[in-house]
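We will take it one stop at a time.

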Amino acid sequence: MTIKALLWDVDGTLAETERDGHRVAFNQAFEACGLPWRWSVERYGELLNVTGGRERLLHDMTTRGEAPALPAEREALARKVHQRKNAIYAEIVASGGIALRPGVGELMEDCRRRGVRMAITTTTSRSNIDALMRAHLGVEWASWFAALVCGEDVSVKKPHPEVYEKALQRLQLPPLDTLALEDTPGGVASARAADVPVVVTRSAYFATATIAGAVAIGPGLGQRQGWRPAAAPGDGAGRITLDDLAEWHQRMELVSDCG
Ligand code: XBP
């Protein structure tokens, strides 16, 4: 096995958390905080170009005349709404509102069976990861991962490479011994800037985004059709396995795709 650790992005890669999780939670938080703002599915898609929920809200405030004028007041409001959003998001996730994407749980089990370490490499908040993982892997979920790097651990969020650099440090591995799973151009840029090879599983919001420089790009881990390079023939249990990832990792053919 050429891969010693698999590095998982969270939002969009592990689960489709954005449209029905973070967005819905933000809208409920706006209401709870007495704000008239609501984000449509479409508007939220545009806002996803800004990484980080609090940063996303601060960015949106620059387009709203009724947002507080002073930067410190904006910061305070963004912090309050974001905290509320995360609490609501945790409730949505705990009530079973967000499934893991097909093939994710199985690939994690492959890793555990075959001694491939796993890490979480996301710039979302720690509480959101905890809520999602607890709901799907149980209270002992952290023991599945050799490293966890999240929003609170970095000074700059994706597409900056800090999250990947920190994960490599914690794993004590060179980048080429690892493989990242991502779903966005920003995530790919972050991993590549740390020299980490990336496989892209396209998510709903980034289904047609231009992606460049991944070792493979496909529609999701739960299916073998539609991948570039193609998944090798074989039973593959009808999904993408660790052997497929190892094959793409070894081949290291960089592919680009616009969905
Ligand atoms: C995902 C994000 C996050 C989530 C919301 O980042 O951009 O902001 O949308 O999470 P990554 P927070 O690709 O690094 O996983 O509200 O906790 O920021």
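Start by selecting G53, R54, L57, L58 and M61 in helix α3, which are in contact (heavy atoms within 4.5 Å) with R74, E75, L77, A78, R79, V81 and H82 in helix α4. By class, this contact has six nonpolar, two polar and four charged residues. Nonpolar covers Ala, Val, Leu, Ile, Met, Phe, Trp, Tyr, Cys and Pro; charged covers Asp, Glu, Lys and Arg; the others, Gly among them, are polar.

A word on the source: this is a predicted model, where local features need pLDDT of at least 70, side-chain atom pairs need 80 or more, and totals for chains, interfaces and linings use all residues. Residues are numbered from 1 along each chain, and side-chain values use heavy atoms, without hydrogens and water.

Now show α3 (residues 53–61) and α4 (residues 71–94) whole. Their axes, lines fitted to C-alpha atoms over the stretch in contact, come within 9 Å and cross at roughly 130°. That angle makes α3 oblique to α4.

Next, select α9, residues 242–251. Which of its residues are buried? They are L242, D244, L245, A246, W248 and H249. Buried means under 20% relative accessible area with a 1.4 Å probe, protein chains only. Colour β1 (5–8), α5 (104–114) and β4 (178–182): they are among the elements that cover these buried residues. Step just past α9 to M252, where phi is positive, about 50°.

Finally, zoom out. The chain has nine helices and eight strands, which are DSSP runs (H or I, at least four residues; E, at least two) numbered from the N terminus. Buried residues make up 53% of its 259 residues.

Note on methods: Buried means under 20% relative accessible area, exposed over 50%, partly exposed in between (1.4 Å probe, protein chains only). Axes are lines fitted to C-alpha atoms, for helices over the stretch in contact, and angles run from 0 to 180 degrees between N-to-C directions. Angles under 35 degrees count as roughly parallel, over 145 as roughly antiparallel, 65 to 115 as roughly perpendicular and the rest as oblique.
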